[in-house]
Amino acid sequence: MAKIGLLLVETRMRDELSTSSTLMCDTSDGWQMMNGSHGAGMSYLDYNATAPIRPEAAAAVIEAMQSVGNASSMHQPGRQAAHRVDLARRQLAGLLNCSPGEIIFTSGATEANNLALRSAYTPGNSLVTSPAEHPAVLETARMVTAERPEDLVLLQVGSDGLVDLNALEQVFVTRSGGVVSLMGANNETGVLTDLRVVAKAVREAGALIHTDATQIVGRLPVDVAELDVDLLSLSAHKFGGPQGVGALYVRRGTPLPHRPLLVGGGQERGWRAGTLNVAGIIGLGAAADAARRNLGEEAERVAALRDRLERLLTLALPDCRLNGRRDQRLPGVTSITFPGVPADAVLAAMPDVAASEGSACASGAPTPSHVLLAMGLSREAADSTIRFSLGYATTDAEIEHAAQAVVRAVTQVRSSLAEADGPR
């Protein structure tokens with residue numbers, strides 16, 4: 001793309017940005033981000049990167065931080081901290097429909113994914129995943145199979161974002177045992193994996209099944225007993241809890257060797273050493289409880305808002321394209337390609353809309369989205385794609401504002417690029 005056009009966009013962006021923003025979390029009014037100097041509203045549509053903390057979770061974290069106590073200590077403050085951790089474990093278990101004893105608290109889904117695959121994979125057995133997984137799974141899978149790369153099997157992904165599950169059955173025609181790791185919902189497109197079909201094939205092959213459920217927990221019902229998974233990873237900040245805390249569900253009786261990433265005091269039944277993040281865990285529990293109580297209502301409302309955003313954008317910008325299977329995805333996620341318009345320039349031209357070029361976990365990477373490339377998009381198309389992700393606190397006003405801002409930004413960038421490429 002023409003660099004002059006991009007510079008024009010960036011210059012305009014700098015002129016419009018204020019020097020500071022104010023973040024406000026209010027238990028009565030919910031979450032808002034307002035631009036400090038202009039007073040204009042910010043449309044926050046990047047829940048897949050991190051959701052605004054729920055008021056219940058924020059209050060629980062603040063209260064916990066005002067108390068003292070190491071959950072491993074035997075004195076009264078320690079026992080009180082341990083009691084609060086146990087409550088959070090029960091709250092998360094209620095969201096997942098599992099036993100509290102099947103939950104291991106971690107620093108987030110990245111750690112949980114690492115712990116799951118390092119424990120479940122044994123050299124000489126298969127590790128099956130897909131090229132559209134989160135880097136926390138893909139890079140871990142490549143690392144643990146580095147000495148036996150033939151053990152790693154990557155299933156193909158269709159243009160609709162769905163993993164080829166027929167190919168999964170073919171894998172086990174010549175292989176048995178091992179572990180299959182497929183995400184519950186893709187972090188860039190929101191496309192859902194039919195984990196029940198996966199579990200059936202995996203069980204018949206005598207393998208283990210792990211799912212990175214980071215994007216689906218707290219947004220759609222997740223019943224680990226019904227899904228029949230052995231291992232499940234999650235992060236609190238995706239459904240309104242604090243950042244820096246997550247969990248790994250390990251089904252009771254799953255034949256796994258203890259291969260902890262951290263060793264020391266033997267916390268979390270030897271799976272994860274280190275002083276527990278009491279405040280973070282309590283916030284996770286509060287967010288899980290709040291999400292569980294409002295799950296159906298939130299999902300329906302958020303899906304309607306996403307559909308409205310798509311209608312507004314496709315009507316105003318008829319050449320834009322939606323990516324991924326539309327009838328099998330998260331309620332609050334849409335991936336949209338704006339042909340010929342660099343996504344970074346569009347985002348720069350609309351500082352009052354928070355969205356993402358792709359995974360925030362891979363921001364700054366020089367390569368385009370590996371997920372979109374796996375789906376068959378060209379590099380140029382991938383570089384022209386923006387992910388909008390909505391959640392529990394998204395409002396009608398944010399959608400209306402975002403739609404207008406996106407149309408204005410895309411039009412502005414196209415005009416700048418046309419001027420830059422025109423006659424000298």
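1. A residue is called buried when its relative accessible area is under 20%, exposed when over 50%, and partly exposed in between. In this predicted model, buried residues make up 55% of the 424 residues in the protein.

2. The protein has 13 helices and 14 strands. Take the contacts between residues at least 6 apart in sequence: 72% of them join residues at least 24 apart.

3. Nonpolar side chains tend to be buried together in soluble globular proteins. Here the largest nonpolar core has 70 residues. Those that touch the most other members are Leu92, Leu96, Phe105, Ile216, Val217, Leu232 and Leu234. Helix H9 (residues 278-316) gives this core its largest share, 9 residues. Another core, of 30 residues, lies apart from it; Val346, Ala349, Phe388 and Ala402 are among its members.

4. What does leucine 96 contact, once its neighbours within four places in sequence are left aside? Its partners are Val217, Val222, Asp223, Val224, Leu232 and Leu234.

5. Most residues other than glycine have a negative phi. Asparagine 97 is not a glycine, yet its phi is positive, about 60°. It sits in the loop between helix H3 (76-96) and strand E4 (103-106). Asparagine 97 has a relative accessible area of 45%, so it counts as partly exposed.

6. Aspartate 228 also needs a look. Its phi is positive, near 65°, and this residue is not a glycine either. The loop that holds aspartate 228 runs between helix H8 (224-227) and strand E9 (231-235). With 23% relative accessibility, aspartate 228 is partly exposed, because the cut-off for buried is under 20%.

7. Helices H4 (residues 109-120) and H5 (residues 135-144) pack with their axes 9 Å apart and at an angle of about 30°. Their crossing is right-handed. On the H4 side the contact is made by Thr110, Asn113, Asn114, Leu117 and Arg118; on the H5 side, by Ala136, Val137, Thr140, Ala141, Met143 and Val144. Sorted by class, the contact has 6 nonpolar, 4 polar and 1 charged residues.

8. How many disulfides does a search of the whole structure find? The search finds 0. Are cysteine 98 and cysteine 320 buried or exposed? Cysteine 98 has 15% relative accessibility and therefore counts as buried. Cysteine 320, at 8% relative accessibility, is buried too.

Note on methods:
Residues are numbered from 1 along each chain as its sequence is written. This is a predicted model: local features need pLDDT of at least 70, side-chain atom pairs count only at pLDDT 80 or more; totals for chains, interfaces and linings use all residues. Side-chain values use heavy atoms; hydrogens and water are left out. Axes are lines fitted to C-alpha atoms, for helices over the stretch in contact, and angles run from 0 to 180 degrees between N-to-C directions. Helices (H or I, at least four residues) and strands (E, at least two) are DSSP runs, numbered from the N terminus. A crossing is left-handed if the near helix is turned anticlockwise from the far one by less than a right angle, and right-handed if clockwise. Contact means heavy atoms within 4.5 Å. Ala, Val, Leu, Ile, Met, Phe, Trp, Tyr, Cys and Pro count as nonpolar, Asp, Glu, Lys and Arg as charged, and the others, Gly among them, as polar. A disulfide is a pair of cysteine sulfur atoms within 2.5 Å. Buried means under 20% relative accessible area, exposed over 50%, partly exposed in between (1.4 Å probe, protein chains only). A nonpolar core is a set of buried Ala, Val, Leu, Ile, Met, Phe, Trp, Tyr and Cys residues joined through side-chain atoms within 4.5 Å.
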